[in-house]
Amino acid sequence: MSKTSEIKVIIDLDQNNVPEKLTWSAQDGGVNNEEAKTVLLSIWDAKAKETLRIDLWTKDMPVDEMKIFFHQTLVAMTDTFQRATGDEKMAGAMNDFCDYFAEKLELKKE
């Protein structure tokens, strides 16, 4: 028997269609209408062989937090890349870039 799961993002927009509030729900993960400041969603279009993207952030997302968010996203993408491809050499290079990125933005080491 197959199962479906849903992840939902609700975007409240101002009069200029700029996101003011983002909330998301993922019932299987125990998340219900949690507020977020930014969402990056990538979807692979197999027919066109290209990535479709939705990049949203609220107008009150602080720039310093956006920098941290991007760093953490790059680190997570590196981990996902290694698990998906098994390419440890490239994952190492990507980790080096993540370290460089954090250093240039003067982010604290976690």
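Predicted model: local features only at pLDDT ≥ 70, side-chain atom pairs only at ≥ 80, totals over all residues.
**View 1. Helices α1 and α2 pack against each other.** Helix α1 covers residues 63-85, and helix α2 covers residues 88-104. Their axes lie 9 Å apart, at an angle of about 170°. Angles over 145 degrees count as roughly antiparallel, so that is how α1 runs relative to α2. From α1, the contact takes K67, F70, H71, L74, V75, M77, T78, F81 and Q82. From α2, the contact takes E88, M90, A91, M94, N95, F97, C98, F101 and A102. Sorted by class, the residues of this contact are 12 nonpolar, 4 polar and 2 charged.

View 2. Which strand gives the most to the nonpolar patch? Strand β1, residues 8-13, does, with 3 residues. L13 is located in strand β1.

**View 3. E20 and K59 form a salt bridge.** The closest N and O atoms of the pair are 3.4 Å apart. Side chains of opposite charge can pair when their charged atoms come close. E20 sits in strand β2, residues 19-26. K59 sits in the loop between β5 (50-57) and α1. The pair therefore ties together parts that are 39 residues apart in sequence. In total, the structure holds 7 salt bridges.

Definitions and conventions:
Residues numbered from 1 in each chain as written. Heavy atoms only, no water. Axes fitted to C-alpha atoms, helices over the stretch in contact; angles between N-to-C directions. Helix = DSSP H or I, 4+ residues; strand = E, 2+ residues; numbered from the N terminus. Parallel < 35°, antiparallel > 145°, perpendicular 65-115°, else oblique. Contact = heavy atoms within 4.5 Å. Nonpolar A, V, L, I, M, F, W, Y, C, P; charged D, E, K, R; others polar. Salt bridge = Lys/Arg side-chain N within 4 Å of Asp/Glu carboxyl O.
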